[in-house]
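The entries below follow the order of my look-ups.

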Amino acid sequence: MTQPIRLLADGHPDTGFVPSNLVAESDFTTQDTSETISSFFESQDRKISVGVWECAPCREEIKAYPVDEMMTVISGALTLTGSDGTEQEFVAGDTFFIPKGTACVWEITQTLRKFYMIAE
């Protein structure tokens, strides 16, 4: 049976956080290279996923964002710089969307924890 899913900022109560490896170690900007994820939902076809992700400060130049993703910042700070040089800062409480294919610089300036919904 399908039920609504409550997303918790502290991760899934049964599985908690596990290591994640989306960021290359060379992209971290401090000695802290921690990155974790807590999954709450994945569709049967694996095209939709929902959860909480946390990552230490890092900086990545992304030529084409690989997925459509909506995010809400739980804690920390992130600066996104568009291909035209426009900077946007996102902090706790901010919700934003990055369309697949977007070129940007993704810079976590304070350890970031976010809710995410990814559509591939």
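Is R113 buried or exposed? I find R113 buried, with a relative accessible area of 15%. My cut-offs: buried is under 20% relative accessible area, exposed is over 50%, and partly exposed lies in between (1.4 Å probe, protein chains only).

Ground rules. This is a predicted model, where local features need pLDDT of at least 70 and side-chain atom pairs count only at pLDDT 80 or more, while totals for chains, interfaces and linings use all residues. Residues are numbered from 1 along each chain as its sequence is written, and side-chain values use heavy atoms, with hydrogens and water left out.

Entry on salt bridges. Side chains of opposite charge can pair when their charged atoms come close. I counted a salt bridge when a side-chain nitrogen of Lys or Arg is within 4 Å of a carboxyl oxygen of Asp or Glu. That rule gives five salt bridges.

Entry on D10. I looked up its partner and found R113, with the closest N and O atoms 3.5 Å apart. D10 lies in the segment before β1 (18-19) and R113 in strand β8 (residues 104-119), so this pair ties together parts that are 103 residues apart in sequence. For the labels, strands (E, at least two residues) and helices (H or I, at least four) are DSSP runs, numbered from the N terminus. D10 itself counts as exposed, at 65% relative accessibility.

Entry on E54. This residue also forms a salt bridge with R113, and the closest N and O atoms are 2.7 Å apart. E54 sits in strand β3 (residues 48-55) and R113 in strand β8, so I note a link between distant parts of the chain, 59 residues apart. E54 is partly exposed, at 22% relative accessibility. I logged D10, E54 and R113 as linked in a network of salt bridges.

Entry on E42. I found a salt bridge to R46, with the closest N and O atoms 3.8 Å apart. E42 is partly exposed at 43%, and R46 is exposed at 58%.

Entry on the surface. M70, F97 and M117 form a nonpolar patch with about 310 Å² of accessible area together. Areas come from the Shrake-Rupley method with a 1.4 Å probe; for residues, only the protein chains shown count as cover. Patch members have over 30% relative accessible area and no salt bridge; nonpolar side chains (Val, Leu, Ile, Met, Phe, Trp, Tyr) are joined within 5 Å, like charges within 9 Å. M117 is in strand β8 and is partly exposed, at 41%.
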